[in-house]
Amino acid sequence: MRWVAHVHRVSGVALALFLPLHFWVLGNALQLDIFLKWTEQPLVKASEWAIVVALAAHLGGGLRILALEFLPWRDWQKALTACAAALMLVVGLAFALAL
């Protein structure tokens with residue numbers, strides 16, 4: 001289960017690095033037409049997909065931490081963690097198909 005904690009930390013760092021840049025771009029979107037054209041490149045689209053997956057992973061990890069703190073530990077939580085990982089991949093795939 002240690003890998004779940006690592007995924008939660010890495011996704012948190014990725015979001016902390018991405019979100020300020022994202023908000024800056026949104027704030028300047030009307031003035032940055034060239035930058036917006038750049039975002040249509042496949043690598044940028046793949047990065048968008050990766051950040052959505054990171055957000056889903058971070059959300060799942062946060063819910064796991066809340067469950068560990070407030071619920072008694074049971075074997076079914078391992079299955080719940082696997083379901084959360086599967087849901088994270090489904091969200092990422094749905095976002096990738098929407099691009």
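Reader: What is the relative accessible area of lysine 45?
Author: Lysine 45 is found in helix α3; helices are DSSP runs of H or I of at least four residues, strands are runs of E of at least two, and both are numbered from the N terminus. Lysine 45 is partly exposed, the class between buried (under 20% relative accessible area) and exposed (over 50%), with a 1.4 Å probe and protein chains only. The relative accessible area of lysine 45 is 24%.

Reader: What pLDDT do local features need in this model?
Author: Residues are numbered from 1 along each chain as its sequence is written, and side-chain values use heavy atoms, with hydrogens and water left out. This is a predicted model: totals for chains, interfaces and linings use all residues, side-chain atom pairs count only at pLDDT 80 or more, and local features need pLDDT of at least 70.

Reader: How far is lysine 45 from leucine 19, C-alpha to C-alpha?
Author: Leucine 19 has its place in helix α1 and, at 34% relative accessibility, counts as partly exposed. Leucine 19 and lysine 45 are 26 residues apart in sequence. Their C-alpha atoms are separated in space by 16 Å.

Reader: What distance separates the C-alpha atoms of lysine 45 and alanine 96?
Author: Along the chain, lysine 45 and alanine 96 are 51 residues apart. Between their C-alpha atoms the separation is 8.3 Å.

Reader: What is the pattern of elements along the sequence?
Author: The chain has four helices and zero strands. Read along the sequence, the pattern is α-α-α-α.

Reader: How far apart are the end C-alpha atoms of helix α3?
Author: Helix α3 covers residues 42–70, which makes 29 residues. The expected span, 1.5 Å times one less than the number of residues, is 42 Å. The model agrees, as the end C-alpha atoms of α3 are separated by 42 Å.

Reader: Which helices are included in what covers the buried residues of α3?
Author: The buried residues of α3 include Val44, Ile51, Arg64 and Ala67. Glycine 61 also counts as buried, at 4% relative accessibility, and its C-alpha lies 9.6 Å from that of glycine 12, 49 residues away in sequence. The cover for the buried residues of α3 includes α1 (2–27), α2 (33–38) and α4 (76–98).

Reader: Which helices are included in what covers the buried residues of α4?
Author: The 23 residues of α4 should span 33 Å, and its end C-alpha atoms are 33 Å apart, which agrees. The buried residues of α4 are Gln77, Thr81, Met88 and Gly92. Their cover includes α1 and α3.

Reader: What share of contacts between residues at least 6 apart in sequence join residues at least 24 apart?
Author: Of the 99 residues of the chain, 21% count as buried. A contact means heavy atoms within 4.5 Å. Among contacts between residues at least 6 apart in sequence, the share joining residues at least 24 apart is 82%.
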